[in-house]
Amino acid sequence: MKKFIVETYYTCTFKTTHTLDELNDNELSKIDNRSDGDVEVIDVKLNNRKTRKIGAENKVLSSGEEKTKIIDTNVLENDPKVQTNENLLSNKIKGKIGKRFRMPDRRKGYIQKASIGDHKIYLHTGEYNDGKIGEIFIDTNKEGELVKALMNNFAIAISLGLQYGVPLDEFVDAFIDTKFEPSGKVEGNDRILSATSILDYVFRELAISYLGKEELAHTPSIISSASDDKGSTDDKFLKIVKNITSKGFVRSNYEEKLVDLSDIRINLKTKN
């Protein structure tokens with residue numbers, strides 16, 4: 001089956017008026033070669049019924065079309081906004097933008113159990129090697145299969161957003177203070193005492209643990225003033241601890257979670 005594409009043409013009807021000194025056959029034969037006369041446009045119609053076969057040779061551009069093409073090319077080359085858009089488009093095509101950073105197969109994280117009313121909530125997190133959050137899972141009890149499925153798929157959507165580079169701040173700003181049941185008093189979390197919904201609790205917890213937003217907590221953080229000087233205490237051992245410890249679990253307070261065992265002596269006895 002032959003393929004055709006539609007071309008659009010304009011049909012223009014006009015008339016040309018010439019003035020003749022004498023009306024004879026000799027003067028009439030010269031009308032076609034005369035350049036004088038008054039031209040009057042009578043009608044212009046759009047004709048889009050003409051077609052041509054795909055693959056046919058392109059017609060030669062007229063001088064006006066060539067000038068338009070040259071002007072457009074110059075505009076594209078000189079306009080920085082157009083160049084920026086072209087670079088972004090090329091980067092998207094090459095996969096430089098919108099690349100997914102997958103989680104490692106063995107990853108750090110923590111599980112936080114809490115209760116809002118009679119509903120228990122288990123928040124699971126997964127972290128990259130540098131401590132940044134990359135995924136979450138939300139488990140609930142006393143809920144139907146529909147609610148559990150919606151919460152699980154919602155957590156998957158958030159995880160995909162984090163892995164594609166969406167900042168956690170954006171999710172926190174979007175879901176903090178959302179209001180629906182269950183809501184009220186929170187038990188099992190030492191920093192959050194109440195929540196207006198499950199989503200409010202979840203992203204309030206993530207903001208405190210991974211973003212350090214203490215203004216969202218209901219209880220003060222137990223940090224000594226001496227721990228503020230991180231330059232002198234961030235030694236090699238502390239770096240090792242940071243690499244193997246969940247940032248969300250210790251809420252970035254590595255020094256407060258460490259136990260000094262330097263003065264403890266252990267006697268090891270061997271069996272004869």
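Keep in mind that the model is predicted, with local features needing pLDDT of at least 70 and side-chain atom pairs counting only at pLDDT 80 or more, while totals for chains, interfaces and linings use all residues. Residues are numbered from 1 along each chain as its sequence is written, and side-chain values use heavy atoms, with hydrogens and water left out.

Let's start with the sheet. Five strands make an open sheet in the order 7-6-5-8-9, with antiparallel pairing. Strands here are DSSP E runs of at least two residues and helices are H or I runs of at least four, both numbered from the N terminus; two strands pair if DSSP finds at least two bridges between them. At the edges sit strand 7 and strand 9 (194-195), each pairing on one side only.

Now look at strand 5 (residues 111-116), which pairs with strand 6 (residues 119-127) in the antiparallel sense through six bridges. Ile-111 stands opposite His-124 of strand 6, and Ala-114 has Ile-121 as its bridge partner there. The hairpin of these two strands has two residues between them, and Gly-117 takes a positive phi near 70° in it. Strand 5 is also joined to strand 8 (residues 184-187), again antiparallel, by two bridges; Ile-116 has Val-186 as its bridge partner in strand 8.

On to the core. A nonpolar core is a set of buried Ala, Val, Leu, Ile, Met, Phe, Trp, Tyr and Cys residues joined through side-chain atoms within 4.5 Å, where buried means under 20% relative accessible area (1.4 Å probe, protein chains only). The largest one has 32 residues, and those touching the most other members are Ile-136, Ile-138, Ile-158, Tyr-201, Val-202, Phe-203 and Leu-206. Two or more residues come from each of strand 5, strand 6, strand 7 (133-140), helix 4 (145-163), helix 5 (168-175) and helix 6 (198-210). Helix 6 gives the largest share, nine residues.

Note on methods
Buried means under 20% relative accessible area, exposed over 50%, partly exposed in between (1.4 Å probe, protein chains only).
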